[in-house]
Amino acid sequence: MKHKLLSFFVGSMILTSVAFAQEKKVSGRVTGADGKPLVGVTITVQGSTVATQTDENGNYSLSVPIGKVIVFRSVGFSDKTLIVKERQSAFNISLDSNDNELEEVVVTGYGVRQIKDVIGSQSTVKGTALAAESNVSFDQALSGKVAGVQIGSTGGTLGDGISVRIRGVNSISSSSLPLYVIDGVPMNTVENVSELNSGDGTRFNPLSMINSNDIESIEVLKDAGASVLYGSRAANGVVMITTKRGKKGFNSVTFDSKFISSRASNLVSLLNGDQFIQINNEKAANGAPRFGGVTNVIAKESDLNGDGVNDRTNWLDEIYRQGTGFDNSMSVSGGSESVNYFASARYNDQRGILIGNDIKTGQARMNLDLKANSWFKTGVSLSYAKTKNNGILTDRYISGATVAGLNAFPIVSPYNPKNDFGYNLNGTGYLGLGNNMTVINGAGITGNIANPLATTNLQLNQNTPEQFLANIYGEITLLEGLKFTSKFGIDYLRNYEHQYSHPAVGGLGYAYNGLIQDYYRDNNLWVWQNYVNYDKTINGSHRISATAGAEYNYAKQKLTYAGASNVSDPYFTDILDNTYTGTVPGTEDVMLLSGGGLFSTGLESYFGRLGYSYNGKYLLEAAFRADAYSAFGVNSKWGYFPSISAGWVASEEDFMKSIDWLSYFKVKGSFGKVGNSRGIDPYAARTLYAGGAYASENGFSAYQLGNANLQWETTKKFDIGVDFKVDNGKYGFVIDYFNNDISGLVLDASPLYTVGVPRGSIYTNIGSMYNRGLEFTFNMETVKTENFTWNTSLNFTAIKNRVNELITANADIPSGNSVASVGRRLGEFKLLQWAGVDEQTGNPMWYSKDGVRKTYNPSVATAQRWTLDDGTVTTGITANDAVYTGKSGIPKFYGGLDNNFRYKNFDMGISLVYTGGYYIYNSTRANLLTNNFLNNSTEILDRWTTPGQKTDVPRLFLTDNTANQASDRFLEKGDFLRARTISLGYTFGGNKLNNAGIRSLRLYGQVYNAFVITSYSGQDPEVNSNRNNSNIAVGVDSRAVPQPRTYTFGLSLTLQ
Amino acid sequence: MKKNNIIYKALLLGITLSATSCGKQLFEDPYAYLSPEQAFSTPDRIAKSATGLYDALQNREFLGGRTLIYADIRGADCGVNTFFGNMPQFSTLLSTDITVKDAYQGGYRTINETNLFIENLTAKPGVVNAAQEAQYFGEAKFIRALTYFYLVNLWAQPYNFTSGATHAGVPLVLKTTSTPFSEDNNIPRATVKEVYDQIISDLLAAESSLPASSAPEFSTVARATKSAAQALLARVYLYEGNYAKALEFANKVINTNSYSLNASPLEAFRNTTTAESIFSVAHNGGDNPNTNNALGQHYSPSLRADIQVLPTYVSLMSAIDKRKTELITQKNGAFYTLKYTSVSDWAPILKYNEILLTKAEALANQSTGVSAEALALVNVVRHRSAPSETIVATSKASLIEAILKERRIELGFEGHGILEYLRTKRNIPAHSTVSEQIYGSDFVALPIPFDDMQKNPNLVQNPGY
């Protein structure tokens, strides 16, 4: 973000007025010489502690004793003073820039830059925009705020990862997540701390351990010009987080408190008990030919809870609940000439919308800077956070809440008082199905259904992560304009993962008579940076700036696993001495429930940058980074990443100054090469043997086939853009065209299965792809009067993606129903073509690859099931009939629209986000039309029953799910517009509060996800059941948890 | 004063810069892995790499147990279940099926490990003594042969489908590659005969170099022995219809006098190393195919109970038959086998009862009339479980039928299912919701996975897929 150097604490809207006896309220606006409002100007009353700051529009107001002198001060400008006289109450002040002092700067890689020198494509989000949100993780709040940045939610489970895509999906096999840098130190790349269930059961994203209240600003570096100093890790963009620091002469204590209430915004509609009985018995009646010609009544009433009436259960009501949360934080901030400090603490306690899902986080931070003398400055940033996350299995497991809850029979109760633990469980720990038939002629007609209440209430899936982030720096001013900085940072992340499986619950607990599994994770990362920055203006018009330095980055991960089986009593849910035998129940065989993993990576880097500016009009910059990374091949360890950028501030030219309506006009461009090494195994290039035990004999077996030439993915990034302001800054535009040409894609590519390589795949640099697009940002001061302001901000991004080359030209890389295919958009769906339901027979139909319609009749012998329109028997529809749909799960365009209003002390904000040009494979819908004996969605009520009936749901037929096989029948347009946040606030000020020592008090309310406009039939179009870091199978809805609708009520109190 | 200042600064800068030569500490060798050179550097490490061959054999998608399951759920005696998707089905099974893909990939992963071992050991001559070396090569070849046996019998029509077995088998991969994506790897399907010939050649080599079995213990059941190679050869020749050779190798196993039937059919499943077990893939509490792939998880009614036993199978046995009383149980109205009860169950591959029945079948087929010796052998097996029941046969055909029925009962759920029907040119009877599958019809062979079909232009898909 834009701010003044040494002026880190941006006055938020909570800091408004100060008043005391015999005083006069004065207000006004502070602008620079160019008429633009100045944000964060400190206004102090001489000889007192009274102070305030200008807001985002340069406005201020404070109460001043008559006759006192007030001082306007801002770094980079000369001080201005004025004396308050009796009849005056409005002072509009213009500050003159002071060339000898520092100018407006912005955080970039390895230092800060004068904002007018920045040519790279870099966007800012203010911390205040993030902190008001109820989301657990700050990255979610970036949604719709920045052109080129797409934030995708993976569902409504607390602590789950967020998909962040900067200018498209820039990898196929590797990670597409950006590099995160906090206070100048690159963070570890752990995206999910969970290990059990392959990290796919319950998930926790460590980024949610950053206190969003601590964030001063976030910089998003998008093009090569902005990001090249991060070299081999910059291809997916860089997100730089700057935390708050104290500010000279401005001491404050702030309390923030929020109450949060949430509900699932939209749920699938399932059959009720009566409908369930009707539909399932119809499945069985129609399916009789396959079951010995006998019409079985499979769905029958039961009274398992013993209340004397037939059981009826709405399972969605059982698994979803009202979420609630409390989020309290406090911060202190201040400083003097030589020292400044910022410290904060926060406790956030949230209960999610799914039963058993909650999160509690405590965070603390201390940032300190000390100016020892004229040439040495030092400081530390320390933060610690600890979270306890009770997770819940959702979509991929039999015991997952959205698997079990959606499958469970509405005609059985969750409870059965006859059982030990009061839950309705059968002999193997799954949901008891009472009088219902489950097997006919040796064929299972249902499946194991977990009792989601027993699963959740009796078992544990916990993560207890801790993160310690710290850095210390020293800065030496060697000569005027020449500074040397040494910075050492650590990112220590550990997690204790604890899973308890109860012996009464089907699955692990039942199989092992109670199973406890723990994972301990230690991620230790240190970074040491040494660099010099030089900034010098020669003869008033030639400005030279330069950076050169080295960085060493070492990361080590250690995992330790321990478990206990055959536990003496369900009272014991931890690994405790003598409370378990460790055996396979019923045998003398001892389970080996311990293990672990250990690896380290190293990154050695050298970088440099040279910039030149002539009269602030012509800008030129070249930058370079060299990286050596331990994961890459001996033949290609070093990578070199250069960039060049140029800019022209045309509005500084004399001939442009006559154009009154155009107050600012800049053209800029950059070209460079950056890399992506994220998500690649630490020893990806090597051929390796690993331990390979055979029962109790130790052995070695092949682990990986190496590739000595393995290197990072290389992205050539080209960016050209204009940045202009119209009507004295009232309208601001930023337009960028970008082209990311990605080559040497690191594909974790599968050779032929017959090659039989260990792991099934090999890291290989083959493949190329591009993302081309347009970014558009528009900011407008829509209305600006004394009492009412209205600001509008719109951004839009359009992206075109093409895969140009893959490992084998004629073989796609499939992932679920999506493919990476040469000449096509990444993530294109390849599916069978649905031809509807035959009106006369109710049988499903598809088109073959050649467009021939084929009908499937489940009632006849196998060989006769497929027929052509004329009734002749034909070959079946097979995988070969799948066709490219031309539709992908990756959006073509997205963006956001923010409107912020202020009327006197009221403020209101409406933030909309939209995403379009993509499709969702609605696997939930396909699943809920199952012909197995399971619950269905109400869509199945439209099933074919009588000849001549027009419907898209075929005739039911017990256990035959051919009709529901993957086809474009379930592919739906995902485009949506979401009212992401709507907020309303009121700020109190004035004498009474001031006399009580309160500077300001703001009360506010916010609705998150008030409504979604979409044609998508599922719960929520912003979904990805394949988690936050899938690149191909994007846009899949498979029993996802919907996003919540959240109401937040909060107050912010600042003491003086 | 000013001069001092600069000196201090220079000093500070110097200290910092001199400490920056830490680049070397950044790069470490893997803690968790060995290089191939390390893995074959000493006799002890080579011995461990040889053990690793069995680790590869334990592949959870293949001979860790799943392959046995696939043969059985495509046979006639298992209920159609939902766990394995379309694997128990025929016409609705697609080439994109993930279960099929995983199994195929798993099989070739095991093959790759054996080829890799043979090459790595060949490259280190003389590190271990000649006898040891021969044994290791023998073990690798036994494992390769065993894996190809299941690959060719599940993914191709049976040996006797064409005369001379000239129809398509599976790709025969006998070496590793350092260029996994090159076109050299686009190996076409060998004929079934070529695959069988390779299996036999590997097994004969293994037979000559593997140690003879003595008392049953881990090393003689869980690792390949001379008898294991002979027992598998007996089965392979039986599948070829080469009864003389089947008899010869069955006799070789019998004549070791190392093997015998246990008193109860249950025993071999509860005690992993009895005199009845010739070769099994071992597992234990620390090393097993886990909750989603273990035989016990799939079959045991007290674990996940995915696979039910059909009443038609149970009705093959009388009420006193121990194979019914000891090995079949009923739960919630369905039958289950008790052969597997835990995640650490071993996967049984070759047992003495099979050898007796193989010998009986070979004799019965060679004889012009009713072979008394064959009848006696099949009754040995029957009497172990039902002492009071004696099989009688009035013709050669009825004797063979009785032997096949006894194999079906005796070897049920041990990975013989569909293979028994196909090798004897019988149709797979209609069962559960699956209609009858005619011998030689398209879908009795599994599809070559779609991915390989796309990548390798030299492959020909099985008809129908």
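**Exercise 1. Describe chain B of this predicted model: how many helices and strands does it have?**

Step 1. Start with the secondary structure: chain B contains 21 helices and six strands.

Step 2. Now look at its extent. The C-alpha trace of chain B spans about 120 × 50 × 45 Å along its principal axes.

Step 3. Turn to burial: 56% of the 465 residues of chain B count as buried.

Step 4. Finish with the contacts. Among those in chain B with a separation of 6 or more, 68% are between residues 24 or more positions apart.

**Exercise 2. Find A:Ser605 and decide: is A:Ser605 buried or exposed?**

Step 1. Locate the residue: A:Ser605 sits in strand β28 of chain A, which covers residues 594–614.

Step 2. Count its surroundings. A:Ser605 has 24 other C-beta atoms within 10 Å, and the cut-off for a buried residue is 20 or more. A:Ser605 is therefore buried.

Step 3. List its partners. Leaving out residues up to four places away in sequence, A:Ser605 touches A:Gly231, A:Ala550, A:Glu551, A:Arg625, A:Ala626 and A:Asp627.

Step 4. Check one distance: A:Tyr629 is 24 residues from A:Ser605 along the chain, and their C-alpha atoms are separated by 8.8 Å.

**Exercise 3. Work out how many residues each chain brings to the contact between chains A and B.**

Step 1. Take each side in turn: chain A supplies 81 residues and chain B supplies 88 residues.

Step 2. Ask which element gives the most on the side of chain A. That is β28(A), with seven residues.

Step 3. Sort the chain A side by residue type: 41 are nonpolar, 35 polar and five charged.

Terms used: Residues numbered from 1 in each chain as written. Chains lettered and ligands numbered in written order. Predicted model: local features only at pLDDT ≥ 70, side-chain atom pairs only at ≥ 80, totals over all residues. Helix = DSSP H or I, 4+ residues; strand = E, 2+ residues; numbered from the N terminus. Buried ≥ 20, exposed ≤ 12 C-beta atoms within 10 Å, placed from the backbone. Contact = placed C-beta atoms within 7 Å. Nonpolar A, V, L, I, M, F, W, Y, C, P; charged D, E, K, R; others polar.
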